[in-house]
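Trainee: Could you go through this structure with me? I'd like to take it a piece at a time.

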Amino acid sequence: MRSRYDVVIIGGGVHGLATAYYLARNHGITNVAILEKSYIGSGGSGRNTAIVRSNYLTPEGSRFYDRSVKLYEGLAEDLNFNVMFEQRGHMTLAHNDSSLRTMRWRAEVNKLQGIDSSVISPAYVKELAPYLDVSDHPRYPILGALWHPPGGIIRHDAVVWGYARGASALGVHIHQETELTGIDVDGGKVVGVQTSRGPIATGTVINCTAGWSSLIAAMAGVRLPITTRPLQAAVTEPVKQFLHPVIVSGSLHTYVSQTARGELVFGASVDPFASYSTRGSLEFTTGLATHVLELMPSLTNMRLLRQWAGLCDMTPDFGPIIGPTEVDGFHVDVGWGTYGFKAGPVAGESVADMVANGRPGELIAPFGLDRFEKGTLTAEKGAAAVGH
Ligand code: PYC
């Protein structure tokens with residue numbers, strides 16, 4: 001570990017690693033350290049359900065996440081690392097008139113941004129996902145769906161390892177098992193950090209964490225409007241391929257995809273309480289099973305193998321907080337709620353750009369911390385995979 005770095009990034013997940021990679025590759029800034037208190041990808045980047053999409057509700061959200069989809073499309077080639085991105089299509093089911101209306105709204109916003117999204121009929125839903133119950137007698141009938149062909153799934157660990165290898169090859173130092181213990185601020189400006197392995201002098205610190213982002217910001221004296229909630233997920237035993245697209249049901253609080261290995265990966269809404277726990281609960285499993293069987297009754301004999309939780313930093317408007325803070329040199333890339341993994345590449349690219357150029361670019365300008373004072377909130381809740 002050097003005694004001084006030009007940039008210190010807190011968090012060795014996809015956001016921190018991508019930021020370091022683009023700082024080095026796009027801007028030649030290589031005297032960069034990433035501090036990770038555990039191992040790379042041990043937080044949200046290794047706990048999410050690996051879904052990538054850009055079918056958001058607001059123009060600024062759709063535009064932003066679409067850049068991420070584009071970066072994900074070229075990532076294997078860019079990093080020379082097989083990230084196994086499979087654009088199988090992303091289908092959000094509408095079980096009532098009001099969700100159908102939101103799906104139409106999202107489809108129109110998406111189309112205006114040049115994003116492939118449209119509302120499809122129950123017959124086409126059945127064609128794309130034959131195991132779904134599209135009869136008219138379920139408790140939650142399928143009235144249609146938002147269909148987004150560029151969406152899909154990716155190998156999230158490979159994304160982490162690919163960015164880490166790319167950044168490291170360009171000279172970035174990745175310090176695992178190195179915990180941030182303090183941020184030194186003098187006269188309103190960052191001058192260094194304290195770590196479990198000693199102090200580092202620096203004029204630029206970027207908070208790229210999830211789960212602990214508000215506690216880390218507090219070390220610099222910055223308050224963030226964030227509450228942290230667990231989000232649980234589970235995986236089944238592997239079975240023969242039968243489910244091609246990613247299926248989302250907001251009303252049933254669940255989403256499911258099938259990995260290349262054949263396992264079904266399920267997720268749900270965030271837990272209804274603030275916590276830093278990453279353990280699964282029986283309540284989640286029983287709720288999940290009930291909802292999944294309403295969608296696909298034929299799964300009744302499948303067995304769950306594992307369940308776990310990740311931590312989601314929820315903001316009042318479901319938009320992230322990216323940009324400078326009132327402390328000179330202390331930047332944040334936080335507050336991703338349940339959207340963090342899919343934003344990794346574009347957040348990394350944009351934050352690197354902001355640090356190199358000294359101001360936030362167009363794509364991230366709507367997501368500044370000052371919006372909570374100005375009242376210019378982003379309203380991205382309607383694009384959540386499931387209701388929260
Ligand atoms: O927004 O697509 C999503 C999502 C899936 C799991 C968590 N968030």
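Trainee: Leaving aside neighbours within four places in sequence, what is Asn 48 in contact with?

Mentor: Leaving those aside, Asn 48 is in contact with His 156 and Phe 341, where contact means heavy atoms within 4.5 Å. Please bear in mind that this is a predicted model, in which local features need pLDDT of at least 70 and side-chain atom pairs count only at pLDDT 80 or more, whereas totals for chains, interfaces and linings use all residues. Residues are numbered from 1 along each chain as its sequence is written, and side-chain values use heavy atoms, with hydrogens and water left out.

Trainee: Is Asn 48 buried or exposed?

Mentor: Asn 48 has a relative accessible area of 16%, so it is buried, the term meaning under 20% relative accessible area with a 1.4 Å probe, protein chains only.

Trainee: And which backbone oxygens does its side chain reach?

Mentor: The side chain of Asn 48 reaches the backbone oxygen of Gly 44 at 2.9 Å, and also that of Ser 45 at 3.0 Å.

Trainee: Switching to H6, which residues are buried there?

Mentor: Among them are His 156, Val 159, Tyr 163 and Ala 167, and the buried residues of H6 pack against several elements, including helix H1 (14-27) and helix H9 (340-357).

Trainee: What comes just after H6?

Mentor: Just after H6, Gly 171 takes a positive phi of about 110 degrees.

Trainee: Last one: how much of the protein chain is buried?

Mentor: Buried residues make up 57% of its 388 residues, and the C-alpha atoms fill a box of roughly 65 × 40 × 40 Å, taken along the principal axes.

Technical notes: Buried < 20%, exposed > 50% of the residue type's maximum accessible area, 1.4 Å probe, protein only. Helix = DSSP H or I, 4+ residues; strand = E, 2+ residues; numbered from the N terminus. Polar contact = N/O pair within 3.5 Å; in protein donor to acceptor, adjacent residues only side chain to side chain.
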